[in-house]
Amino acid sequence: MLGLRNNADLRPVIWVCKYYLISYLAWTYEDYFRHSYLLSFLTLLVISYYSFAGATITHNTMHSKVFHNKWANRIWQVLLSLTYGHPVSSFVPGHNLSHHRYTQLPQDPMRTSKLRFRWNFLNGLLFQPIVAGDVFKADVRYINMQSKINTARAQEFYTNCMREFSFVGLTTIILLVLDPRKFFSYVWFPHFFAQWGIVSMNMLQHDGCDVVPSLVREDAMDNWNGSRNFVGPLINYLTFNNGYHTIHHIHPTMHWSRLPEEHERVVKPKIHPSLDERCMARWGQARQRCCCLC
């Protein structure tokens, strides 16, 4: 169907189409709801969710390609880049090759040890803005390095990055010139929320979990308690199973639709029960209360 490698990816395709449709309607027909604070807030909330959903879809895409056709995947990556305002190919150095390979170690630019505020609310609120600089510098170094490597794979990666950067940059300039207020309301803020949301969720899934001191991949695969899982059906429906984190780290290229089943079969018998949380919001609230009582 549509050249998809897995039919389950039809829903992410629909979600991305919905993001563009809702964003277009909000931009074009703003006069019909802008005088209502409630409708304006709900519009912003919906666009922000679909932008965040684009970030979770991006995460899944960069681990497992969506289409059989190479050019279809390239176009898909451009469309995804525009859903949350960042070139999706940069996921490779900042996430696939660092966070997955060196989880919570000094080489991981997203390690949770970078923030240790006593008030846990600040750790969640400021984690993404603080680590973003290190992630960006690592991305730039890797992209620059790939541009100098004369192999087909490196050159394809570099070309994909430049294509995505170009589309994101050009679209940003055009929309900013057309209407700065609408741009910041319906484009910039949802994109910022999406980037903050996907990084913050990752932080919650690793903070306080076991760390493997060895860089040996086999040791990392035995670290069953290295990730926290949010297994509730709602959060996983909304994020395309991004709540199942342990099985994802053990098998990064496994398709997102298989994660719940494999979590139950492979991970649950071995993981500490406290690392299987049903509700992310309830767990975060409990963590905050615990911190405040300390």
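Lys114, Asp134 and Lys137 are linked in a network of salt bridges, a salt bridge being a side-chain nitrogen of Lys or Arg within 4 Å of a carboxyl oxygen of Asp or Glu. The model is predicted, so that local features need pLDDT of at least 70 and side-chain atom pairs count only at pLDDT 80 or more, whereas totals for chains, interfaces and linings use all residues. Residues are numbered from 1 along each chain as its sequence is written, and side-chain values use heavy atoms, with hydrogens and water left out.

Over the whole structure, the search finds eight salt bridges. One of them joins Glu30 to Arg181, with 2.7 Å between the closest N and O atoms. Glu30 is in the loop between α1 and α2 and Arg181 is in helix α7 (residues 180-206), so this pair ties together parts that are 151 residues apart in sequence. Helices are DSSP runs of H or I with at least four residues, numbered from the N terminus. Glu30 counts as buried because its relative accessibility is 2%, while Arg181, at 37%, counts as partly exposed. Here buried means under 20% relative accessible area, exposed over 50%, and partly exposed in between (1.4 Å probe, protein chains only).

A salt bridge is also formed by Arg116 and Asp207, whose closest N and O atoms are 3.3 Å apart. Arg116 lies in the loop between α4 and α5, and Asp207 in the loop between α7 and α8 (217-221), so the pair ties together parts 91 residues apart in sequence. Arg116 is exposed, with a relative accessible area of 56%; Asp207 counts as buried at 7% relative accessibility.

In the salt bridge between Glu262 and Arg258, the closest N and O atoms are 3.9 Å apart. Glu262 belongs to helix α11 (residues 259-267) and is buried, its relative accessible area being 7%. Arg258 counts as partly exposed at 41% relative accessibility. Apart from neighbours within four places in sequence, Glu262 is in contact with Ile247, Met254 and Val267, contact meaning heavy atoms within 4.5 Å.

The largest nonpolar core has 55 residues, and those with the most contacts inside it are Trp15, Ile57, Trp76 and Ile247. Helix α2 (residues 37-61) gives the most to this core, contributing seven residues. A nonpolar core is defined as a set of buried Ala, Val, Leu, Ile, Met, Phe, Trp, Tyr and Cys residues joined through side-chain atoms within 4.5 Å. When neighbours within four places in sequence are left aside, Trp76 is in contact with Pro12, Val13, Val16, Ile57, Thr61, Val66 and Phe67.

Trp76 is one of the buried residues of α3, which also include Asn73, Arg74, Gln77, Val78, Leu80, Ser81, Leu82, Thr83 and Tyr84. These buried residues of α3 pack against α1, α2, α4, α6 and α7. The 15 residues of α3 should span 21 Å at 1.5 Å a residue, and the end C-alpha atoms are 22 Å apart, which agrees. The expected span is 1.5 Å times one less than the number of residues in the helix.

For helix α6 (residues 152-178), the 27 residues should span 39 Å at 1.5 Å a residue, in agreement with the 39 Å between its end C-alpha atoms. Buried residues in α6 are Ala154, Phe157, Asn160, Cys161, Arg163, Glu164 and Val168. Their cover includes α3 (70-84), α4 (91-96) and α5 (120-147).

Two loop residues were examined for backbone geometry. Most residues other than glycine have a negative phi. Gln104, in the loop between α4 and α5, has a positive phi near 70°. Gln104 counts as buried at 13% relative accessibility. Phe240, which is not a glycine, has a positive phi of about 55°. Phe240 is in the loop between α9 (233-239) and α10 (246-250) and, at 0% relative accessibility, counts as buried.

Leu25 lies in helix α1 (residues 10-28) and is partly exposed, with a relative accessible area of 37%.
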